[in-house]
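Subject: Structure for your review

Dear colleague,

Please find below the structure that I am handing over to you. My notes on what was found in it follow directly after.

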Amino acid sequence: MNKHLEEYIVEKSLLIVTVISIIIILLIIGFIFIEGMPAIQEVGLIDFVFGMEWSPSNDIYGIFPMIIGTIEMMIVSLVIAIPLSVGCSIFMTEYANTTMNKILKPTIQSLAGIPSVIYGFFGLVVLVPFVRDTFGGTGYSLIVASVILAIMILPTIISVSQDALLAVPSTYKEASLGLGATKWQTIYKVILPSAAPGVITAIILGMGRAIGETMAVIMVAGNVVQIPGSLLEPLRVLTSNIAIEMGYAIGLHYNALFATGIVLLIVIMILVLIADYIGYKSRVQGSGDL
């Protein structure tokens, strides 16, 4: 009886915690919409989302360059991070011995605990001067911000991808090797497709970290409201725009920053839905292959 009572209490406690978490998230989203909608109503949804100029002193609020800059930075950082992180997770699960794993795993995990301002400071002191001296310009650029973000999201993608690879049944690998496939053929054609949903989940988590990062991006991106025409041009992303101007914003400017948060939330939701759909298709395809 005591055991059943204990399980009942634990179950209901977890349910209560879950409901409270959902309510808190809904309250946050509701607050953002309440504070941001006046700006969208005043400026107009089309002008706000697709406007090319952001000038609060003139009551001009257009965030399209920042939307494009956010997406460009995310894509470039993922292009850099995905091959490195997935390759590292494959090496750690399939090639590295126990001693090397004992060194690599805590090292990678420690990278996740480094504050973002430290990454930004590294980019500011090392990467920005390197790009400026090598390629010209100010050095504050899309490529520097993307490299910093790629480094920051590596631990997340590596850890989750490694767990996904380890979860693949060993019988898959044994059957492939038994049929005469090489180790790399087994990894490429059997293990990776089977672990694809987990790897895609890792990429989604990394994508969320890349979009939501603020401090490091502020320090190295240049914070110029424009659509970057090359990797060497500066940019301003949505999160940076909110963080830079929220301290002194009043009136419509204040509401416009919350409206920026609404657009950022919608952009993230769209990207997550796309990634989830890709993961769903990979799971369906994997089930069909089996």
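Is Glu245 buried or exposed? Glu245 is buried, because its relative accessible area is 4%, and a residue counts as buried under 20%. Please bear in mind throughout that this is a predicted model.

Overall architecture

The protein has 290 residues, of which 39% count as buried. Its secondary structure consists of 11 helices and two strands. Followed along the sequence, these elements give the pattern α-α-β-β-α-α-α-α-α-α-α-α-α. Along the principal axes, the box filled by the C-alpha atoms is roughly 70 × 65 × 35 Å.

Salt bridges

Side chains of opposite charge can pair when their charged atoms come close. In this model, the count of salt bridges comes to three.

The salt bridge of Glu245 is formed with Arg236, at 2.8 Å from N to O. Arg236 has a relative accessibility of 10% and therefore counts as buried, as does Glu245 at 4%.

A further salt bridge joins the side chains of Lys173 and Glu94, with an N to O distance of 2.9 Å. Lys173 belongs to helix H7 (residues 170–178) and Glu94 to helix H3, so this pair ties together parts that are 79 residues apart in sequence. On the side of Lys173, the relative accessible area is 28%, and the residue is partly exposed. Glu94, by contrast, counts as buried at 13% relative accessibility.

The remaining pair is Glu213 with Arg209, whose closest N and O atoms are 3.8 Å apart. Why does this pair still count as a salt bridge? It does so because the nitrogen of the Arg side chain has to be within 4 Å of a carboxyl oxygen of the Glu, and the closest N and O atoms here are 3.8 Å apart. Glu213 is buried, with a relative accessible area of 7%, whereas Arg209 is partly exposed at 27% relative accessibility.

Packing of helices H3 and H6

Two packed helices are described by the angle between their axes and the distance between the axes. For helix H3 (residues 64–95) and helix H6 (residues 142–166), the axes come within 6 Å and the crossing angle is roughly 35°. The crossing of H3 and H6 is right-handed. Sorted by class, the residues in the contact of H3 with H6 are 21 nonpolar, seven polar and one charged.

Which residues make the nonpolar surface patch of about 750 Å²? The patch is made by Phe33, Met37, Ile266, Ile270, Ile274, Tyr277, Ile278 and Tyr280. Helix H1 (2–43) and helix H11 (251–289) are the elements that give two or more residues to the patch. Of these, H11 gives the most, with six residues. Tyr280, one of the residues in the patch, is found in helix H11. Its relative accessible area is 46%, so Tyr280 is classed as partly exposed; the residues of such a patch need over 30%.

Backbone at two loop residues

Asp59 has a positive phi, near 55°, although the residue is not a glycine. Asp59 lies in the loop between strand E1 (54–55) and strand E2 (60–61). With a relative accessibility of 52%, Asp59 counts as exposed.

Asn223 likewise has a phi near 55°, a positive value in a residue other than glycine. The location of Asn223 is the loop between helix H9 (215–220) and helix H10 (238–245). Is Asn223 buried or exposed? Asn223 is buried, because its relative accessible area is 19% and the limit for a buried residue is under 20%.

A distance across the model

Finally, Ile242 is placed in helix H10 and counts as partly exposed, at 21% relative accessibility. From C-alpha to C-alpha, Ile242 and Ala81 are 26 Å apart in space, and in sequence they are 161 residues apart.

Yours sincerely

Notes. Residues numbered from 1 in each chain as written. Predicted model: local features only at pLDDT ≥ 70, side-chain atom pairs only at ≥ 80, totals over all residues. Heavy atoms only, no water. Axes fitted to C-alpha atoms, helices over the stretch in contact; angles between N-to-C directions. Helix = DSSP H or I, 4+ residues; strand = E, 2+ residues; numbered from the N terminus. Left-handed = near helix turned anticlockwise from the far one by under 90°. Nonpolar A, V, L, I, M, F, W, Y, C, P; charged D, E, K, R; others polar. Patch = residues over 30% accessible without salt bridge, like charges linked within 9 Å, V, L, I, M, F, W, Y side chains within 5 Å. Areas by Shrake-Rupley, 256 points an atom, 1.4 Å probe, with all protein chains shown as cover. Buried < 20%, exposed > 50% of the residue type's maximum accessible area, 1.4 Å probe, protein only.
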